[in-house]
Amino acid sequence: MLEVNRITKIFRGHKALDAVSFTVPQGTIFGLLGPNGAGKTTLIRIITGIFMPDAGDIRLHGRPIVGMRYHKIGYLPEERGLYRKMRVGEHLMYLARLKGLSRTEARRNLRYWMKRLEADGWWNRKVEELSKGMQQKVQFIATVVTEPELLILDEPFSGLDPVNTNRIKEEIMRLKERGVTIVFSTHRMEQVEEICERIVLIHQGKKILEGGVLEVKNRFKKHLYRIVHGEMFLPAEVTVRLNVVEEKPHEIIVRVEGDDVFSVLSTIVEHRIPIRRFEEILPTLNEIFIETVTQKAVTA
Amino acid sequence: MKKILLIIWREYITRVRSKGFILSTIAAPLVFLVLIVFALWSASYVGGDHWQLVVVDELGVVDSTVKTEKFTMQPTTEPLDTLKRKVQRKLIDGVLYLPMLDTPNVRQYTAFLYADKDPDLALSIELEMRIKNWIKEYKIQTLGLNRQVVSLLNTNVEIDPEPVTEGKKDKSSVATTIASLLSMALGYIIFIVIFMYGSMIMMSVSEEKINRIVEILISTVKPFQLMMGKIIGVGAVGLTQLLIWIVTIPIILFGAMLVLPYFGIQLGSGEAATFVSTEMYEGGPAMDNDTIQLILQELMGLNWWLILPVFLFYFLAGYFLYGTLFAALGSAVGQEHQENNAFSFIIGLPVILSLYLAMAVVREPHGSLAVWSSIFPLSAPVIMPGRIIFEPPLWQVLLSMVLTALGIVFFTWVSARIYRVAILMYGKKASLKELWRWLRTP
């Protein structure tokens, strides 16, 4: 479990982070979201020990890790690169051993991961000979080779093709199942919806939203329902009894205050209109993101 | 500690294995050799432009044909006008006219060269030297001087320093010259080392920043460890290269001395020097065996047990002092290489100035300029190794060493503070104001 407790960081009188707190339960994938310049990178750098916070503390499984460069954290930064002139195997060995692995451990883990990610023939190839996607895989291997307890992935899929994106996604899921706590930072909200269980949204150094993905979506829902029906358009005596937001051929979107779906459904059933589909419309995380961030911008 | 060793190892092994290192290590002594050979060859080079001259000699000093590589000159009694026409018809290249002297008491003499092509500098110099000797000969004869007495007027002077206190070492006359040359050479070596390996550190640091690996590294090791690992790693590369050169350069030079004479080039004896000195400059002795003996003797007589350790200390001190600054610089600047150059010039400036100071130090090794510049940490690494040959007071050497060591600590501290902030700053220009701010960031 990762506990971030009232972390504050001030750069030249500007609060980059303002008492940010959240908890990431062990074995979950946690979305760390926020617009550019919100303070995500600063927060990640504090968790990894690169920066010291001005206040607050961070615990991993109850152990304080502020300023520790704790070796059981695997960090894949957004701005990442490799030494172009080094050979892949040698490069990975170097990074693994810097993290404290012995030579044999490092070699064993690397062989395992390179095989898993179909990179076993790369040991003697120079980094500069690899494609960008292949280099991303090498970086991912470097991040997980130490069997970390906490994995911080900043835009891990950028530059990967759909096939490799799926491969890495599978590995992330597998690590999660093995109890690794994963902090996932990205601007791609559809990826967050797909793999994250919980999120925190940071804006201008402050936490403005935290919770489970479904819970957050419910919190922001507009009580809208979509009804797909057999008629071209619904008769007027039906629509007057509904709060119609939008109407299209075979489809109507209504707002249902208090979520009293039974009265809506009974109205439609009363008029013997065939219902093909009836569903609640939840906002996407993208919509929630844009809404909260722009709202904050207006109030600020 | 283990991490810093890993960083040093990576820095060292990737560099030593690179093609660049192998090439430059092999190429440098060869370039050195080519430069020496070229210098000797160009100094002794005589152009293919050979002048056919005749001389109209009213002084009566040229009695036979003079033949050198540059010209052939025949005495003649033909009238000047006929000869000028011969020049026009290109039968000869020119006529040298030596007019009569009214009195031997002149101090200025003008000879005339009638020619359509312009005499080059080499010809002019050679003719002037010869005419000067002829005039001298003429004056000796007309004034009825004794040739042997006149030759006594030329005296070579040297100053042989003699110690007054007993037990102090007696030095020969060439001691000062040797000490000065050696002093300059030592300062120059350190100057080169600072620049060559300093810029290597700078590039290595900015490479990590540009290719973005630094964030991964910095999440594992402290910036200070990374910076020091790099500096020590590059330093080890430098020492390796130096060791290779210490072994290869003498071998190459020795080999060249054996082989080159077959190509008509003499190393060591200096063909140019013999050419000038033999007949043209009077009394300028070519380096003879005695002199070489004396030089070797003086070199052996120097206190190497002091010079070598001091040199090694300042070699390393200069490297670390400036190395940390170059590392900070590499972290502060991004991809704009022009900016890199401008900044490295600012850091390099004290080193360049030190080299100029070194020349003043050689002239007056115990002057106040020499004393203070050999103590000030930014110039001490270039100045003190050269000055140590002149045996400065011990307190000055110790003070200089202590201050230089403190300077290293201080600049390492300054650089580390700039480095740890700057290395993670992307797309931000490093203004001096910004650097100052980074320095004060806790």
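User: What is the handedness of the crossing of α2(A) and α3(A)?

Analyst: In this predicted model, the crossing of α2(A) and α3(A) is right-handed. The contact is made on one side by A:Leu92, A:Met93, A:Ala96 and A:Arg97 of α2(A), and on the other by A:Arg103, A:Ala106, A:Arg107, A:Asn109 and A:Leu110 of α3(A). By class, the residues of this contact divide into five nonpolar, one polar and three charged.

User: Why is α2(A) called oblique to α3(A)?

Analyst: Helix α2 (residues 88-98) of chain A and helix α3 (residues 103-116) of chain A pack at an angle of about 125°, with their axes 9 Å apart. Angles of 65 to 115 degrees count as roughly perpendicular and those over 145 as roughly antiparallel, while the rest, beyond those under 35, are oblique. The angle of about 125° therefore makes α2(A) oblique to α3(A).

User: How do you know that β1 and β4 of chain A are paired, and which way do they run?

Analyst: Pairing requires at least two bridges between the strands, and five bridges join strand β1 (residues 2-11) to strand β4 (residues 55-60) of chain A, which run antiparallel. One of the residues involved is A:Leu2, whose bridge partner in β4(A) is A:Leu60.

User: What makes β4(A) and β5(A) a pair as well?

Analyst: Two bridges join β4(A) to strand β5 (residues 63-64) of chain A, and these strands run antiparallel; since the requirement is at least two bridges, they therefore pair. A:Leu60 has A:Arg63 as its bridge partner in β5(A). The two strands form a hairpin with two residues between them, and A:His61 in the turn has a positive phi of about 50°.

User: Why do β2 and β5 of chain A stand at the edges of the sheet?

Analyst: The open sheet is formed by four strands in the order β2-β1-β4-β5 (chain A), with antiparallel pairing. β2 (14-24) and β5 of chain A each have a single partner strand, so one side of each is left without a neighbour in the sheet.

User: What makes up the contact between the two chains, and which element of chain A gives the most to it?

Analyst: The contact takes 19 residues from chain A and 15 residues from chain B. On the side of chain A that touches chain B, helix α2 gives the most, with four residues. The residues of that side divide into nine nonpolar, three polar and seven charged.

User: Where do the domains of chain A lie?

Analyst: The domain assignment gives domain 1 (2-217) and domain 2 (222-281), and their C-alpha centres lie 45 Å apart.

Note on methods:
Residues are numbered from 1 along each chain as its sequence is written. Chains are lettered from A and ligands numbered from 1 in the order in which they are written. This is a predicted model: local features need pLDDT of at least 70, side-chain atom pairs count only at pLDDT 80 or more; totals for chains, interfaces and linings use all residues. Two residues are in contact if their C-beta atoms, placed from the backbone, lie within 7 Å. Ala, Val, Leu, Ile, Met, Phe, Trp, Tyr, Cys and Pro count as nonpolar, Asp, Glu, Lys and Arg as charged, and the others, Gly among them, as polar. Axes are lines fitted to C-alpha atoms, for helices over the stretch in contact, and angles run from 0 to 180 degrees between N-to-C directions. A crossing is left-handed if the near helix is turned anticlockwise from the far one by less than a right angle, and right-handed if clockwise. Domain bounds come from an automatic or database domain assignment.
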